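Here are my notes on this one, for you to read alongside the model.

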Amino acid sequence: MRKIILMMGVSLDGFIEGPERQIDWHLVDDELHQHFNDELRTMGGFLEGRVTYELMEDFWPTADADPANAGPTAEFAGIWRDTPKYVYSRTLGRSGPNSVIVREVVPAEVAALKAAPGGDLCLGGADLAASFLRHDLVDAYRIYIHPVLIGRGRPLFPPSATRTPLRLEGTRTFGNGVVQLRYERA
């Protein structure tokens with residue numbers, strides 16, 4: 001059965017974006033970008049909220065056509081185009097190629113998606129992640145801690161009364177100081 005993997009970058013103080021949605025503090029160099037490509041290439045699909053999808057769809061479908069984008073950046077454009085996308089939105093009217101709009105997070109529908117053949121499913125987007133966490137649908141975590149304190153913004157994990165035990169599967173430190181933590185449900 002496929003897993004739902006929450007894969008997100010956070011500041012050391014736990015924020016995924018600043019108070020005005022800033023993510024300019026993310027330290028994504030070629031080494032880290034290549035790692036993302038290697039991880040994401042194996043995914044059977046991307047589960048995204050509308051905001052994340054629109055940001056990605058605005059740049060990645062043609063990013064490799066720009067000669068300024070080489071190496072891992074150009075490589076990711078192909079990964080983006082080839083990977084199925086499930087866009088969770090109540091308001092989005094249409095989506096681009098290789099994507100499906102899903103109106104609500106329905107646990108039975110997510111279970112059917114997990115039971116389908118293919119690679120694991122990568123979950124991204126703050127609101128969508130919060131919804132999947134509320135429904136207890138996240139199987140694994142790939143958290144990338146960036147060496148910066150931003151002081152305020154949107155936290156990765158919303159307040160919850162639920163305790164979820166996790167098992168550390170591994171860590172990796174990148175040359176730019178980013179540390180990956182890999183956890184599975186215990």
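Which residues do ring pairs link into a cluster? They are F36, Y144 and F174.

1. Ground rules. This is a predicted model, with local features needing pLDDT of at least 70 and side-chain atom pairs pLDDT 80 or more, while totals for chains, interfaces and linings use all residues. Residues are numbered from 1 along each chain as its sequence is written, and side-chain values use heavy atoms, leaving out hydrogens and water.

2. Aromatic pairs. There are eight, counting rings of Phe, Tyr and Trp (its six-membered ring) with centres within 6.5 Å; planes under 30 degrees apart are stacked, over 60 edge-to-face, the rest tilted. F46 and W80 are stacked, at 5.9 Å centre to centre and 20° between the planes. F46 sits in strand β3 and W80 in helix α3, 34 residues apart (helices are DSSP runs of H or I, at least four residues; strands are E, at least two; both numbered from the N terminus).

3. Burial. F46 counts as buried because its relative accessibility is 4%, and W80 is buried at 1% (buried is under 20% relative accessible area, exposed over 50%, partly exposed in between; 1.4 Å probe, protein chains only).

4. Y144 and F174 make a tilted pair, 6.5 Å centre to centre with 40° between the planes. Y144 lies in strand β7 and F174 in the loop between β9 and β10, so the pair ties together parts 30 residues apart in sequence. Both Y144 and F174 are buried.

5. Elsewhere. L133 lies in helix α5 and, at 24% relative accessibility, counts as partly exposed.
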